[in-house]
Every structure is written in structure tokens, then in C-alpha cells.
Amino acid sequence: MLPRAFLFLLLSLLLSWQASAQTPSDGAAAAAATPAIKKHLQAARISGGVKLDGVLDEAAWQQAPVATDFIQNRPNPGPPERHKTEVRILYDDANLYVGAIMHDVSPDSIMRELGARDNFGNTDFIGIFLDTYHDKLNGYGFFVTTGGVQMDARYSPAGGEDFNWNAVWDSRTAIQGTDWVAELRIPYSAIRFANQPEQLWGINFMRQRKKENQAFFWNEVKPAVDGFVNQWGTLEGVRDIKPPLRLSLTPYVSGYVNHYPFDEQGKRNTSTSFNGGADVKWGINESFTLDATLVPDFGQVQSDNQVLNLSPFEVQFAENRQFFTEGTELFNKGGLFYSRRVGAQPIGFGNVDGQLRAGRYDAEGRRIAGEYVVQNPGVTQLLNATKVSGRTKNGLGVGVFNALSGDVYATLQDSASGERRKVLTQPFSNYNIVVLDQSLKNNSYVSLINTNVTRWGQTYDANVTGGLFRFANKKNSYAVDGRVVYSRRRGTVFGTDDQIDDRDGYKYRVSVGKISGAFTWNLSHGIESGTYNPNDLGILFGNNNISQELYMSYNKYKPFWKVNNFYSWWGVAHSLLYQPTRYQNLNVYGGWNTTFTKMFLTTGMNVDANPVTRDYYEPRQYPLGPYWVRVPANANVGGFISSDYRKKLALDLNAGVRLYEADGRLPRPRRSATGLGISPRYRVNNRLNFRYSIDWNYAHNQIGYVNGGMDSRQPLDQPFLGQVMLGRRDVVTVSNVLQASYTFTNRMSLTIRTRHYTSNVRYRDFARLTPGGEEELVDYRRNRDNTYNAFNVDAVYSWWFAPGSQISVVWKNASSSQLFSNEATPLYFDNLSNTINTPHNNSLSVKILYYLDYLTLRPRRV
């Protein structure tokens with residue numbers, strides 16, 4: 001079967017070659033990779049402001065210069081718009097005003113689905129982009145849909161397009177005959193700019209006509225040109241404005257009712273709590289802003305997608321806490337900051353069981369006498385968190401982040417006397433990040449990042465320092481970039497006198513490549529030492545390796561044949577263990593995707609092939625080197641289809657299969673892995689929609705470390721203590737997610753998300769792993785099968801009753817269960833029934849935030 005996958009890879013490369021054979025002339029290709037000539041727009045000053053009503057009837061709008069003649073960006077880059085867009089800019093001492101008229105064919109051609117904030121949906125929109133420091137790297141985006149739904153984003157080299165950022169601004173829209181009109185008011189307090197007599201800002205406008213799936217920019221944005229902010233036009237004429245005092249307070253109050261059916265005498269099933277705190281935003285000067293959250297409450301964030309983790313690495317969860325997603329583009333440079341570390345699981349969480357006073361176990365493994373754990377908090381409560389960030393007029397970005405967390409204790413109780421005691425699991429801690437980021441010419445930059453965690457008491461502190469750079473040539477066609485990072489840890493392992501063993505470590509990576517044009521490439525090389533460890537405030541998936549990669553891509557942005565575009569990529573990646581220097585793996589890969597013109601059906605495929613691989617991490621033996629799991633040569637082919645989201649009913653479908661060569665060392669069947677995902681979505685009307693997704697994955701004859709390891713308390717494990725045990729297993733994982741959303745108005749919505757996840761592991765045989773990657777079948781009899789179930793419901797009602805002010809009501813229902821040995825079941829509906837009948841935790845909360853802006857509260861001068 002393996003040669004077939006290589007044939008798929010060859011077919012993919014031939015498709016890429018066929019597309020490249022239709023490449024336009026060298027002159028046309030060079031023009032496509034050359035930025036468009038910059039357009040200029042003059043802003044008009046007014047006094048007294050304008051009425052925000054979606055009707056541009058003030059005389060000032062008629063007198064302001066017009067930005068028009070937009071250029072199509074997708075699906076066919078280059079042609080001018082047929083249905084004109086007219087945008088005007090006004091300003092006064094406090095605000096920037098945007099007035100836009102979008103001409104169309106008829107009212108039926110203007111799509112207008114409603115959605116929650118920052119949700120584009122199936123609708124038209126108009127957007128304005130501002131590069132207020134004109135550094136051509138960093139910018140703001142403000143969008144409004146036909147239904148008045150607002151979206152805003154930050155743009156930066158580190159974060160790309162980041163819609164987690166939210167500003168306080170206002171807008172109105174209206175339908176007028178065959179046109180629709182948008183009126184935006186962006187206060188200067190929502191953006192940052194230099195304090196100088198005349199402003200020179202980068203600017204661009206974007207219009208989406210969803211009826212034809214078309215997007216247009218005022219200043220042409222060419223897909224073959226690297227970068228986005230550097231392709232904006234110029235706004236002139238903004239004079240004599242002063243950065244305002246940016247001072248706002250957003251106090252909150254919240255209340256929770258939690259119910260869990262303990263059904264134990266003397267223990268209440270229902271508990272309540274009330275919280276209060278505030279977010280503070282203060283503009284230190286025209287460039288820098290302080291954001292602080294005091295006694296934060298993150299209880300209403302979306303539940304994590306819990307999974308059964310059989311890998312040697314931790315699961316990386318998405319960040320849903322707004323304070324850690326908003327305005328963090330500077331702190332995310334270099335990938336050294338994993339914000340879930342702040343307020344994460346205490347470092348001593350997993351050591352509590354080892355501190356229980358002696359008891360004993362009966363024949364069935366149940367504890368008799370001794371102590372047991374009453375409470376062991378899984379998260380660390382933050383006392384406060386603060387961010388200071390900004391960028392000077394000379395392009396120097398500065399970011400400082402700091403957070404404090406208090407002591408965390410687990411509660412233990414003696415099962416005989418009832419006496420309780422507390423055990424420290426997390427000492428008082430300080431988390432700190434400092435970033436310096438200098439923007440340079442030609443879309444280039446240099447950056448310095450430092451992260452630091454300081455803990456009180458007998459434990460260790462951690463520090464990571466990294467330097468980054470990117471230098472592009474004047475034409476922005478070639479670039480070299482790289483990074484060097486040093487990690488330092490000092491102290492003892494928490495709760496012991498053992499010194500930290502990974503005291504000093506480093507990594508570096510450097511790459512060079514062609515970054516613009518239809519054909520691009522990148523060649524990179526890097527090393528991570530065996531003691532490199534940024535995990536105290538970052539995240540690491542395996543160190544001690546040498547890696548190099550050649551990546552190439554060829555893209556056609558213009559329609560040809562029956563498709564709108566064509567994107568292809570292929571490459572080869574190779575890695576070695578660093579110390580000792582030994583082969584790890586080689587990966588050859590390729591793929592393509594395209595969109596068909598008539599149906600707007602997007603489809604693509606990917607393939608890869610790997611010779612025999614050595615997995616040094618799976619055995620969980622350190623230092624790395626002597627032990628590895630041999631993975632036979634294998635190949636994968638996968639693909640996806642995504643139908644037109646403009647239709648009421650749309651479907652996403654993906655599938656893949658990986659086949660392995662037979663491992664002739666032992667009498668085992670071949671391995672294989674198969675995955676299938678189906679996700680239909682149905683839009684009932686412009687307010688109500690449903691989305692469902694099911695993902696099924698089957699790993700057949702997978703070889704892996706026996707989860708949980710050996711247990712000295714288990715008689716069947718005792719002959720194998722101290723040995724590395726591998727198991728041949730089948731793993732079936734099913735995830736179901738159903739989401740329903742109803743939008744009452746452009747500022748009020750209700751969303752319900754339900755998720756059920758189950759993963760079942762069934763072992764077939766076991767083997768002892770010895771140094772050198774050899775495996776020996778053993779007669780191991782303990783049943784290690786297990787099933788993990790997780791279920792949660794998140795229902796969120798949100799009402800933005802005033803700019804920056806919100807009432808949210810959240811109901812959460814969650815449960816999880818782990819079944820072992822004979823209790824484990826591979827039957828999905830048995831697992832679903834088990835999940836439903838497992839005790840659930842229910843939480844109902846109400847939270848009110850009110851935005852107070854100093855500029856609106858200050859006494860007016862008479």
C-alpha cells in the first residue's frame with residue numbers, strides 16, 4: 001500500500017507543475033509581485049461632530065474628498081469594482097468619522113445576517129484600516145456589517161489578524177434603496193498615535209459583497225506581495241489633534257450558583273458566591289497604555305475541550321479569557337508566552353496523593369483508614385494582572401506584563417478522626433514579561449523578549465530571554481529571519497530538596513527565503529538543547545533536537561480553467577536528536593487546495609511519507625537517547641471539501657488515512673490510522689443558525705507507552721516494575737459538538753454549545769522495550785483498557801446595552817468520567833448513557849460590566 005501514497009504525492013506535484021506551466025509572462029509575474037501605487041486621501045476637519053444615524057445628510061459629508069474605485073482582491077484579484085463604493089473621512093478634536101455608501105443592484109443583493117460581536121456571518125460589511133504610526137507593520141481594523149454588527153482587530157507581525165482585541169466605538173447602518181450606508185465614530189481613545197502637529201497615517205478600506213463572495217480594497221492588496229499593512233494607502237490632512245487622556249474603569253459584579261449532587265450527609269449540594277472587581281485602562285501618554293484587572297473573574301469563559309491524552313506531551317488549550325487575548329500581540333512575539341500558565345494548575349497539584357498519611361489497601365484496591373483528599377484546587381486564583389504596552393513614533397514597541405497569584409492549598413482529612421490539614425500546592429508567585437520590538441524599514445524588525453516566574457518559598461524560579469530578527473530587502477521579495485533563546489532555572493523541585501536539573505538551555509533557528517511572488521520558498525535550520533525549558537511561562541513539545549526544512553509553494557491567484565485560484569506546497573523536513581546526535585525522522589510532504597468558480601466549492605488534499613522513524617519521547621525515559629519506539633515507514637493521504645457558506649445548508653467534510661509497513665520484528669498486524677469529520681451548518685434565517693460537527697478517529701494496532709505506567713500496589717504489575725512497557729492498542733475517539741445561535745439584535749445574542757467526547761482504548765498485547773529500540777512480547781495479564789468521557793454545555797446570553805458595557809448570563813453543565821478495566825466499553829451509546837447518568841456540575845452565573853470613560857464623565861467647561 002505504501003507506494004500508492006508516493007503516487008499521490010507525485011500526482012500532487014504534477015498538479016502543481018501543471019498550474020505553474022500556465023504562469024503568465026515574467027513581466028506580468030513581476031507586476032503581480034510589486035506593491036500597487038499608494039493612493040492618498042484627504043480628511044476634512046469639522047466642529048461639533050455629526051449625528052450617528054446611518055444617514056449622510058450633513059453638509060460636511062458632501063464636501064469631504066471621496067475614496068472610491070476599489071480593486072477586487074477575491075476571488076479574482078485585479079479588476080475594478082462594478083458597483084461603486086464611496087468612503088469619506090471627517091475628524092474633529094475627539095473622533096474620527098467614517099461615512100460609506102455601498103452601491104448595489106437591489107436590496108435583495110445586500111446580504112444581512114445578524115451575528116454576535118466579531119462574527120462576520122453571511123453578510124456584507126465595510127471596514128477601515130488604520131496604521132497610525134505609519135510603520136507599515138502594525139495597524140487597527142474596524143468593521144461593521146449591514147445589520148450593524150461590529151468587529152475590530154489588531155494587525156501585527158506576531159499576531160497576524162487578531163479579532164480578540166476589542167475597542168469602544170460606535171456605528172450605525174441603514175438600507176437606502178439599492179444602497180446601504182454605514183457611519184462610524186472612532187474616538188481617539190480607541191487608538192494610539194503620536195503627539196505631533198500633523199498626522200500621517202496608513203489607511204485602507206475593505207468592502208465585502210457576500211452575494212458574489214467578492215472582497216474589494218481601496219488601495220489594492222496583491223496576494224503575491226508579502227505583508228498586509230504595508231499595502232495600505234495614506235491618510236493626510238489630520239492636523240492639530242491631541243492624544244486624549246485615555247482613562248476608563250470597567251467595574252463588574254457577578255454572582256454564581258453551583259450545584260453538584262454530592263449526596264453526602266453534612267455536605268451541601270448547592271453553593272453560592274458573589275464577586276466584584278474592575279478592569280482599568282489608563283493612557284500613560286500618547287504611546288503607552290496600562291491595562292489592569294483587579295480581582296479578575298474568569299468563571300464565564302467557554303469550557304475547555306477536555307480530551308484523553310495518551311501522548312508524552314501536555315494538551316495545549318485555547319485561551320478564552322479576554323484579558324489574556326486582547327492586545328497581547330507584543331507579548332506573543334517569538335511564541336514564548338503561553339498565557340494559560342498564568343492562573344494554571346498549581347505546580348504541586350499532582351503530588352498531593354504522595355503526601356497522604358499511611359493507610360492501606362484491600363484486595364480490590366480501595367483505601368482503608370489513612371488520609372484522603374477533600375479538596376485540591378485545579379486552578380490558581382489570580383490577585384491581579386497588569387499590561388503596559390504601546391509603540392513610540394519611532395517604531396519602538398514596548399510591552400510589560402505582570403501578574404500575581406496567592407498561595408494555593410489542598411485540604412486533606414483523616415478518615416478515622418476527621419481531622420483536617422492543609423498542604424501547600426502553589427506558593428505566592430509573580431509572572432512577568434518584558435518585550436522590546438523595533439520596527440525597521442522594508443517590513444523588518446528586531447525584538448527582545450524576557451519572561452520570568454518568581455515563586456516564594458522553597459522551590460525554583462525561571463527566566464527565559466529571546467532575541468528575534470527579520471530583515472527583508474527593499475523590494476520585499478527576500479528575507480532572512482531568526483531567533484536565539486536562552487532558558488534559565490534556579491532552585492529546587494517544589495516540595496523537595498532536589499536541585500532543578502535543567503538549569504540552563506538554549507534554542508536557535510534561522511531561515512532564509514523568497515517571500516513574494518507566485519513561487520516562494522524557505523530554508524530553515526534550528527537546534528533545541530536537551531535542557532531548554534520555557535514551560536514555566538511558555539509551552540514546549542519536545543526539546544533536544546536538530547531540525548532543518550525546505551518548504552516551497554506555488555500559488556495562482558487568478559482564475560483559470562474552472563477554478564478561482566490554486567495554492568500548492570511541498571517540502572522535506574528532517575530532524576536529529578541533539579545529544580546524543582542520532583536520527584529521528586524524515587518527512588516528505590505536499591498538498592494543494594482550490595475553489596471552483598461556479599459552485600464556490602473549496603477542496604484540497606495533502607500527502608506525506610516517512611521512512612522508519614525513531615520516537616525518543618514515547619518511552620518517557622530521560623535522558624533521551626538509549627530508548628526509542630520504532631515507527632515503521634508510513635504514508636498519509638487526506639482531503640477536505642467545503643461547500644458554499646452562502647447557502648442555507650452548507651457542509652464541511654474531511655477524511656484521511658495513514659498506512660504503515662509491516663513491522664517484521666514481531667508477529668503483529670499492520671498499523672493504520674483513519675479519520676473522518678463531518679460538519680453541516682444550517683441557517684434558518686438571518687437570526688437563527690445551527691452547526692453540528694462529528695469527528696471520528698480510529699488508530700488500529702497503535703504502539704504506545706502503557707498509559708499510567710506500572711503500579712507497585714498492583715500484584716500483576718510487580719514483575720514489570722522498572723521496565724518500559726509498550727502496548728498494542730486500538731483507540732477510537734468520537735467528538736460531537738452541536739451549537740445553536742440566535743441573535744436578537746446586533747447587540748444581543750444567545751448561544752448554546754453542547755459537546756460530548758469519548759475515547760476508548762483497548763489493548764491487544766504488551767511488549768517490553770529495551771535500549772536500542774528492541775521490543776520483546778511479554779505475558780502481562782492486567783487489564784489496562786480504559787474509556788474517557790467528557791460532556792459539557794455552555795449557554796451564553798449576552799447583551800451589550802451600551803458601548804463597552806455588557807450583561808451576560810451563563811449556564812454551564814459539565815461532567816467527566818474515566819472507566820477502567822472491565823468497566824471500559826467501546827460502544828458509543830453506552831458511553832453516552834454513562835456520561836448522562838454521571839453526576840454533573842451545574843453553574844448559573846450573572847455578570848454585569850459597566851464602562852466608565854473619564855472623557856464622558858468629566859465636568860464640561862462653560
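Domain bounds here come from an automatic or database domain assignment. Keep in mind that this is a predicted model.

Q: What area is buried between domain 1 and domain 2?
A: The size of an interface is often given as the accessible area lost when the parts come together. For this pair, carbon and sulfur atoms give 48% of the buried area, and the area itself is about 1,400 Å².

Q: Which three residues supply more of the area that domain 1 buries against domain 2 than any other three?
A: Look on the domain 1 side, where a trio supplies 34% of the buried area. Those residues are Y133, L137 and D226.

Q: What is the volume of the largest cavity?
A: Searching the whole structure turns up 5 cavities of 30 Å³ or more. The largest of them has a volume of about 170 Å³.

Q: Which residues lie nearest the centre of the largest cavity?
A: The lining has 15 residues in total. By class, these are 3 nonpolar, 6 polar and 6 charged. The ones nearest the centre are Y133, N138, Y140, R154 and R391.

Q: Which strand gives the most to the lining of the largest cavity?
A: Both domain 1 and domain 2 take part, each with at least three lining residues. Two strands, β7 (139-145) and β21 (382-391), each supply at least two residues. The top contributor, with 3 residues, is β21.

Q: How many charged residues are in the lining of the second largest cavity?
A: This cavity has a volume of about 70 Å³. Its lining includes E661, D663, R668 and R728. Besides 4 nonpolar residues and 1 polar one, the charged count is 6.

Q: How much of the chain over residues 52-210 is strand?
A: The unreviewed UniProt entry annotates this stretch as "domain: Carbohydrate-binding". Its end C-alpha atoms are 25 Å apart.

Methods: Residues are numbered from 1 along each chain as its sequence is written. This is a predicted model: local features need pLDDT of at least 70, side-chain atom pairs count only at pLDDT 80 or more; totals for chains, interfaces and linings use all residues. Side-chain values use heavy atoms; hydrogens and water are left out. On a 1 Å grid over the protein atoms alone, a cavity is a set of points where a 1.4 Å probe fits but cannot get out, and a pocket is an open set with protein on both sides within 12 Å along at least five of seven lines; lining residues have an atom within 4 Å of a point. Grid points are joined across faces, edges and corners, and a volume is the space filled by probe spheres set on the points. Helices (H or I, at least four residues) and strands (E, at least two) are DSSP runs, numbered from the N terminus. Ala, Val, Leu, Ile, Met, Phe, Trp, Tyr, Cys and Pro count as nonpolar, Asp, Glu, Lys and Arg as charged, and the others, Gly among them, as polar. UniProt positions are given in the numbering used here, feature names are shortened, and annotations may be inferred rather than shown by experiment. Buried area is the accessible area (1.4 Å probe) that two parts lose on being put together, summed over both.
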